[in-house]
Amino acid sequence: MNAVLLMAGLPAAISGQAAPQQGAAKVPVFREESRPNIIYIMTDQQWAGAMSCAGNTDLHTPAMDALAERGVRFTNAYCSFPLSGPSRAAMFTGLMPSESGVVENEVPLPESLAGNTLGQMVRDAGYDCAYAGKWHVNTISLPGEEAFGFRNIKDNGDQGVAEACVDYMQSRSRGSRPFFLVASFINPHNICEYARGQKTPHADLAPAALEDCPGLPSNFAVQPYDAAVLRFEQGLNYSLYPTVSYSPDDWRHYRNAYFRLVEAVDAEIGKIVAEIDRQKLWDNTVIIFTSDHGDGCGAHQWNQKTALYEEVASVPLIVCVPGKGDDGKVSEALVNEGIDLMPSLCSWTGAVMPEGRSGVSLRPVVEAVARGKAVPERPYIVTETNFIQTSGTLGWMVRSSKYKYVLYDKGKYREQLYDMENDRGEMRNLAVESEYAEILRQHREMLREWLLSHPATPASAKHAPRGLAKQATDRVRHLRMIP
């Protein structure tokens, strides 16, 4: 039996899930010249497999590939919540969406958190912080010329984001304080408009002949023991899920459009990578590339996000650090990209971690990979979801080293269990097979442990549709959902 799985049910401090801190961490002492710059590049709605460096031959992403050649690419990185607003709130607060109360796109940060975000913490550590592009926590752009610790150098919209970042990097004088720059692009999110038959506002898509479109994925079919509630949710909102009437040919066109949108945003990222090259910033800069969540991209005939399929919950993650040794490496370490960002940047910048954050710094992992050492083991991570835009179905994903467990709060086959080594496409639900009963039980216990150690915060009733705030954050009710 996998040793990691046998740790289920142990206290958080033993199992490896970080317990809430009892006090603020001490600020490490750095020489000013020793602290790296931080460049955080983010796309929107890009799943982990939508890069040519990930082995996908249906698209070509030279800029992302260039980052992967200089850094560590993580193959088991997941968002905290597969929806833009909650996912981004996790990145900039270090809290899971159910902990912060931001469980929907239009929910603002609570006042208690709005004054203590990642940008403010890094700024207080002595960094110059600048932000370009999509914000969406909850306003689409940063609200004002300065907000949440960042100077706003470009509002939402992909055109001009890269240029604003290049101008920012060129305007900085040698020897000035280190900087934290966020370049936040909106594509391939325009696949949402494409699916509705609308114009894609941030990229032009040329019509494609069917024979020039990618084929269907090997997991295109909806497997017979899939969670039935997903098809129920899919049928509730045609604007979100216009693909319910798609033919296989329609799906091929969809996949072509999606990959072309990824290539379009890759070209924009390439402008930033070229400036990093020109200034030789690789030598003193931590560069992180990721996305806020994925897209179904036709797997299981799903478009959009919110579900806990691999294509939806897994995200690209590449980390480049100063110095040599990490070039072109791949890591299978488990990462919760949302809540792990804050402790990672606090470690690199010397910013003070606030209390109550349970994320894990990626720095020891990257440094271990670079040195060829054993990577610190993490027993599991959790991603949560809420179909608050339709009927309010709740769900959780527990990802351990080998397996993935998914639980939805209602419907037939609401429990899913997949072997991530042999069935990454999620086509055989092991939860219905008695042979895997013990592994299923262990993952239920992991989820139970996680729910008990991560208290929820009520969302604002003003911003929660259909009065779902209490339902979305009622941990006592959530614990009863576990079989």
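Visitor: Which residues of helix α2 are buried?

Guide: Keep in mind that this is a predicted model. An α-helix has 3.6 residues a turn, so residues three or four places apart point the same way. Helix α2 covers residues 62-70, and its buried residues are Ala63, Met64, Asp65, Leu67 and Ala68.

Visitor: What covers the buried residues of α2?

Guide: The cover includes helix α10 (248-279) and the strands β7 (285-291) and β8 (317-320).

Visitor: How many helices and strands does the protein have?

Guide: There are 16 helices and 13 strands. Of the 483 residues in the protein, 59% are buried. As for contacts between residues at least 6 apart in sequence, 72% of them join residues at least 24 apart.

Visitor: How should I read a nonpolar core, and which residues have the most contacts inside the largest one?

Guide: In soluble globular proteins, nonpolar side chains tend to be buried together. Here the largest nonpolar core has 47 residues, and Phe74, Phe150, Phe180, Ile288 and Val319 have the most contacts inside it. Helix α12 (residues 337-349) gives the most to this core, with five residues. Another core, of 46 residues, lies apart from it; Ile39, Leu59, Tyr258 and Phe289 are among its members.

Visitor: What does Phe180 touch?

Guide: Leaving out residues up to four places away in sequence, Phe180 touches Ile38, Tyr40, Leu118, Val122, Tyr127, Asp128, Cys129, Ala130, Phe150 and Leu345.

Visitor: Where is aspartate 419, and is this residue buried or exposed?

Guide: Aspartate 419 is in strand β13, which runs over residues 415-419. The residue is buried, yet has no salt bridge. To read that, look for the nearest side chain of opposite charge: this is lysine 402, 4.1 Å away.

Visitor: What does the side chain of aspartate 419 reach?

Guide: The side chain reaches the backbone nitrogen of glutamate 421, at 2.9 Å. Beyond the neighbours within four places in sequence, aspartate 419 is in contact with Lys402, Tyr403, Arg424 and Leu430.

Visitor: How many disulfides are found in the whole structure?

Guide: The search finds zero. Individual cysteines can still be read by their accessibility. Cysteine 192 has 5% relative accessibility and therefore counts as buried. Cysteine 53, with a relative accessible area of 22%, is partly exposed, because buried requires under 20%.

Notes. Residues are numbered from 1 along each chain as its sequence is written. This is a predicted model: local features need pLDDT of at least 70, side-chain atom pairs count only at pLDDT 80 or more; totals for chains, interfaces and linings use all residues. Side-chain values use heavy atoms; hydrogens and water are left out. Helices (H or I, at least four residues) and strands (E, at least two) are DSSP runs, numbered from the N terminus. Buried means under 20% relative accessible area, exposed over 50%, partly exposed in between (1.4 Å probe, protein chains only). Lys and Arg count as positive and Asp and Glu as negative; His and the chain ends are not counted. A salt bridge is a side-chain nitrogen of Lys or Arg within 4 Å of a carboxyl oxygen of Asp or Glu. A polar contact is a pair of N or O atoms within 3.5 Å; within protein, one must be able to donate a hydrogen and the other to accept it, and residues adjacent in sequence count only if both atoms are side-chain atoms. Contact means heavy atoms within 4.5 Å. A nonpolar core is a set of buried Ala, Val, Leu, Ile, Met, Phe, Trp, Tyr and Cys residues joined through side-chain atoms within 4.5 Å. A disulfide is a pair of cysteine sulfur atoms within 2.5 Å.
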